[in-house]
Amino acid sequence: MDHATHGSPRPRRGVRSLLTALALTLGALFAPGVGVVSGAGEAQAVSKLTHEQATAMFRSAGITWSSSGGCSDRNKPNCTSFTQLNLSSAQGAQTLKSASRCALNITGGTETGHASGTYSHWNGYKLDFSLSTCLTNYITKTFTSIGGSKWKSASGNIYYRESNHWDVTFHNCGGC
């Protein structure tokens, strides 16, 4: 096809995925639902995502997710929801995927049924990941053990090995 007479070429799939992720990220940054969280004497803006925005970001990074109930309703504990997930948590998952080069499957998001607290699943700071040898080796060999089956990254994120998953608290995007 002669693009000079028929318009510009369609972007390649990778470029479209990147543009989609960028648009979603920018949309999340300027969307309603941006709040302020105080911690350690400083306030920081927290951008919240819709379930659809988060899944688009995960899909573009090659991250999968699963739900024991096959659903995404935030108010049902057997669902896996990303409604009200912090943008920095989604970006942190993308950073983890890129840095570790491991297959990542998210099994827990912002749905009810997790422990409460400021830095909780419900408040958008935590994601649960399926156990895998690749992910376990990456976390335990890359980050600093802080005892009690917990490791801390240089950026301050906490990786807690529970019986059947990794519970990750994203205080930031981990160097995105």
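Start by selecting Cys71 and Cys79 and showing their side chains: the link between them is left-handed, with -95° about the S-S bond. Keep in mind as you go that this is a predicted model. The two cysteines form a disulfide, and their sulfur atoms sit 1.9 Å apart. Cys71 is partly exposed, at a relative accessible area of 24%, whereas Cys79 is buried, at 2%.

How many disulfides does the structure hold? There are three, so you have two stops of this kind left, because a disulfide here is a pair of cysteine sulfur atoms within 2.5 Å.

Next, select Cys102 and Cys134. Their sulfur atoms are 2.0 Å apart, and the two residues form a disulfide. Look down the S-S bond and you will find -80°, a left-handed link. This pair joins distant parts of the chain, 32 residues apart: Cys102 lies in the loop between helix H4 (87-100) and strand E6 (105-108), while Cys134 belongs to helix H5 (residues 133-142). With the surface on, which end is buried and which is partly exposed? Cys102 counts as buried, with 1% relative accessibility; Cys134 is partly exposed, with a relative accessible area of 38%.

Select strand E4 (residues 64-65) together with E6: they pair in the parallel sense over two bridges.

The link is left-handed, with -85° about the S-S bond. Colour the pair by accessibility and the ends separate: Cys173 is buried, with a relative accessible area of 15%, but Cys176 is exposed, at 58%. Cys173 falls in the buried class because its value is under the 20% cut-off, and Cys176 is called exposed because its value is over 50%.

To finish, select every bonded cysteine and step through them in sequence order. How are they paired? Numbered that way along the protein chain, the pairing is 1-2, 3-4, 5-6.

Terms used
Residues are numbered from 1 along each chain as its sequence is written. This is a predicted model: local features need pLDDT of at least 70, side-chain atom pairs count only at pLDDT 80 or more; totals for chains, interfaces and linings use all residues. Side-chain values use heavy atoms; hydrogens and water are left out. Buried means under 20% relative accessible area, exposed over 50%, partly exposed in between (1.4 Å probe, protein chains only). Helices (H or I, at least four residues) and strands (E, at least two) are DSSP runs, numbered from the N terminus. Two strands pair if DSSP finds at least two bridges between them.
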